[in-house]
Amino acid sequence: MYKGSLVNIRHQSLNDMGKLAEFMCSPRYIETHSSDDPKFFFKEGLEKQYKERMEKHNHNELHMIIETLEGKLIGIIGINGNFWKNGLTWVYSYISDDEYLQGGYYEEALGLLLEFLFIEGNARKVIINMQSNDPHGMAACKTNGFATEVVFKEEVLCHGKYIDTYNMAIFKDEYLKTYKR
């Protein structure tokens with residue numbers, strides 16, 4: 001577990017799958033994530049995926065929970081691709097509850113993951129993909145030093161309109177200039 005002043009991030013457990021299914025069925029999640037996955041997730045399906053992941057023990061993925069200091073599950077964060085040899089890591093993050101989109105929760109969770117990747121891990125560059133209709137996620141990335149590398153114009157269909165997606169990245173040397181712990 002990685003502890004902050006507002007949130008902790010910890011590994012997902014089987015007990016988290018019901019809440020994650022709720023998150024992944026929420027309109028905000030569906031709007032801000034362009035994946036081709038089914039748009040409705042069921043606890044049983046996520047439990048099956050979780051068990052399969054645990055059996056495979058894929059070193060290129062890390063799936064974590066964002067929770068308040070009181071233990072309330074408010075989001076997910078993790079690694080969905082890692083090339084250890086080249087030090088490239090792709091990450092994702094999502095805060096579920098509008099109440100926690102303000103006040104630094106999102107920013108701190110992303111900062112804790114970056115600390116893990118750059119200080120404890122072998123990351124040289126961390127990349128995240130954000131959609132233009134997720135201003136809170138974009139702000140959390142910018143607060144943590146991410147810069148836009150590529151803009152994919154009109155990449156994702158959302159409510160009958162195509163929106164842009166952004167590949168944002170931060171390098172270890174840039175991160176270390178502002179690292180505070």
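The legends below describe close-up views of a predicted model. Residues are numbered from 1 along each chain as its sequence is written, and side-chain values use heavy atoms, leaving out hydrogens and water. Local features need pLDDT of at least 70 and side-chain atom pairs count only at pLDDT 80 or more, while totals for chains, interfaces and linings use all residues.

**View 1. Helix α1 covers residues 17-24.** Helices are DSSP runs of H or I with at least four residues, strands are runs of E with at least two, and both are numbered from the N terminus. Six of the eight residues of α1 are buried, where buried means under 20% relative accessible area, exposed means over 50%, and partly exposed lies in between (1.4 Å probe, protein chains only). The buried residues are M17, G18, L20, A21, F23 and M24. K19, also found in α1, is partly exposed at a relative accessible area of 33%. From K19 to I74 the C-alpha distance is 9.1 Å, although 55 residues separate them in sequence.

**View 2. Strand β3 spans residues 62-68.** Seven of its seven residues are buried, so β3 is largely enclosed by the rest of the structure. In a regular strand the side chains alternate between the two faces of the sheet. On one side of β3 are L62, M64, I66 and T68, and on the other are H63, I65 and E67; all are buried.

**View 3. Strand β3 pairs with β2 and with β4.** Two strands pair if DSSP finds at least two bridges between them. The hairpin of β3 and β4 has four residues between the strands, and G71 takes a positive phi near 95°.

**View 4. D134 lies in the loop between β6 (125-131) and α5 (135-143).** D134 is buried, with a relative accessible area of 4%. Leaving aside residues up to four places away in sequence, D134 touches T32 and Y106, contact being heavy atoms within 4.5 Å.

**View 5. The structure holds four aromatic pairs.** Rings of Phe, Tyr and Trp (its six-membered ring) pair if their centres lie within 6.5 Å; planes under 30 degrees apart count as stacked, over 60 as edge-to-face and the rest as tilted. The rings of Y2 and F116 have centres 5.4 Å apart and planes at 55°, so this pair is tilted. Y2 belongs to strand β1 (residues 2-3) and F116 to helix α4 (residues 105-120), 114 residues apart.
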